[in-house]
Amino acid sequence: MADVAFLALSVITIGSAIAALEMRSLIYGSIALMGTLGGVAGFFFLLDAPFVALFQIAVYVGSIAVLILFTVMLVKRELIFKKIEDRRRKFAGIGLMLIVMVSLGAVFLDSGIKTITTDEPQVNFRDIGTDFVTYYWPALILMGLILAGSVTGALVLARREDVENERTS
Amino acid sequence: MSELVDFTLVSVALLGIGIYGLAVKRNFIRMLFAVEIIINAANLNLVAFGRFLPHSGGQTLALFSIAIAAAEVAVGLSLIIVAYRMYQNVDIADFRSLKG
């Protein structure tokens with residue numbers, strides 16, 4: 001049965017996920033998104049995966065959320081508080097959400113994973129390191145290249161040539 | 001300790017909220033929030049199944065997924081900045097010049 005920490009974490013995670021999408025201000029929305037990401041990190045702690053949890057906190061809460069906050073601050077003030085959506089789409093979206101939740105939830109509750117429990121010890125994080133440098137080493141190198149390429153691409157995209165030309169001339 | 005089905009149900013809830021956000025919101029930044037929520041639901045499933053099998057592959061794949069999501073957010077945010085500079089707006093209904 002679910003314990004108290006699990007229930008509290010799921011309330012925080014799901015509640016702040018809804019708040020991130022529904023808050024009027026984008027700044028509060030991105031702070032609520034931080035709550036969701038931190039809640040998922042808490043779930044990783046509950047699942048005996050402290051390495052992934054700390055990685056999640058460092059990458060998501062530490063950098064991605066701050067990046068999003070800075071992007072929101074670059075946008076005009078009235079756009080931050082303006083909600084762009086129409087009513088009919090909203091009801092259709094809520095219907096779609098309920099269909100997904102109910103159907104997938106019913107499938108999970110009916111399936112055999114309801115009976116899966118484990119008494120086995122947690123995965124040692126040394127195994128993760130061994131995985132990374134033995135079986136997954138090409139993927140690790142590829143991931144580094146993808147990260148470098150995407151950061152370079154982001155810098156090239158966000159560059160302003162008109163401002164640079166003004167400065168040099 | 002909680003059971004596997006609890007974690008999958010939380011993940012389904014996060015997935016539903018993310019799909020709602022992608023379907024309803026027309027603000028580019030909010031849609032990026034929704035994508036982040038969906039990615040986190042997937043990561044939660046990976047780690048949960050990896051814990052209950054038990055196998056280290058789940059955590060390894062979750063780490064890869066987090067790193068790739070970081071790259072995706074960097075590119076997405078710079079696309080937002082470029083689009084905002086061109087249209088002075090973040091409404092995706094306005095970004096129609098590539099739509100034909």
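Where in chain B does B:Q88 lie? B:Q88 belongs to the segment after α3 (57-87) of chain B. The model shown in these views is predicted.

**View 1. B:Q88 in the segment after α3 of chain B.** The phi angle of B:Q88 is near 55 degrees, a positive value, and the residue is one other than glycine. Most residues other than glycine have a negative phi. B:Q88 has a relative accessibility of 40%. Because buried residues fall under 20% and exposed ones over 50%, B:Q88 counts as partly exposed.

**View 2. A:D48 in a loop of chain A.** The loop that holds A:D48 runs between α2 (26-46) and α3 (50-74) of chain A. A:D48 is not a glycine, yet its phi is positive, at about 60 degrees. The relative accessibility of A:D48 is 21%, so the residue counts as partly exposed.

**View 3. Helix α1 of chain A beside helix α1 of chain B.** From α1(A), the contact is made by A:F6, A:S10, A:T13, A:I14, A:A17, A:I18, A:L21 and A:E22. From α1(B), the residues that make the contact are B:D6, B:F7, B:V10, B:A13, B:L14, B:I17, B:Y20 and B:G21. By class, the residues of this contact comprise eleven nonpolar, three polar and two charged.

**View 4. B:A41 in helix α2 of chain B.** Helix α2 of chain B spans residues 28-52 and includes B:A41. With a relative accessibility of 3%, B:A41 counts as buried. B:A41 and B:D94 are 53 residues apart in sequence. Their C-alpha atoms are 30 Å apart in space.

**View 5. B:A74 in helix α3 of chain B.** B:A74 has a relative accessible area of 16% and is buried. Neighbours within four places in sequence are left aside here, and B:A74 is in contact with A:L67 and A:A154.

**View 6. A:W137 in helix α7 of chain A.** Helix α7 covers residues 137-158. The relative accessible area of A:W137 is 49%, which leaves the residue partly exposed. How far is the C-alpha atom of A:W137 from that of A:L96? The two C-alpha atoms are separated by 40 Å, and the residues are 41 apart along the chain.

**View 7. The largest cavity and the residues that line it.** The structure holds one cavity of 30 Å³ or more. The volume of the largest cavity is about 40 Å³. Which residues line this cavity? From chain A, the lining includes A:K82, A:K83, A:I84 and A:E85, and from chain B it includes B:K25, B:N27 and B:R30. Sorted by class, the lining has five charged residues, one polar and one nonpolar.

Terms used
Residues numbered from 1 in each chain as written. Chains lettered and ligands numbered in written order. Predicted model: local features only at pLDDT ≥ 70, side-chain atom pairs only at ≥ 80, totals over all residues. Heavy atoms only, no water. Helix = DSSP H or I, 4+ residues; strand = E, 2+ residues; numbered from the N terminus. Buried < 20%, exposed > 50% of the residue type's maximum accessible area, 1.4 Å probe, protein only. 1 Å grid on protein atoms, 1.4 Å probe; cavity = no way out; pocket = protein on both sides within 12 Å on 5 of 7 lines; lining within 4 Å. Points joined across faces, edges and corners; volume = space filled by probe spheres on them. Nonpolar A, V, L, I, M, F, W, Y, C, P; charged D, E, K, R; others polar. Axes fitted to C-alpha atoms, helices over the stretch in contact; angles between N-to-C directions. Contact = heavy atoms within 4.5 Å.
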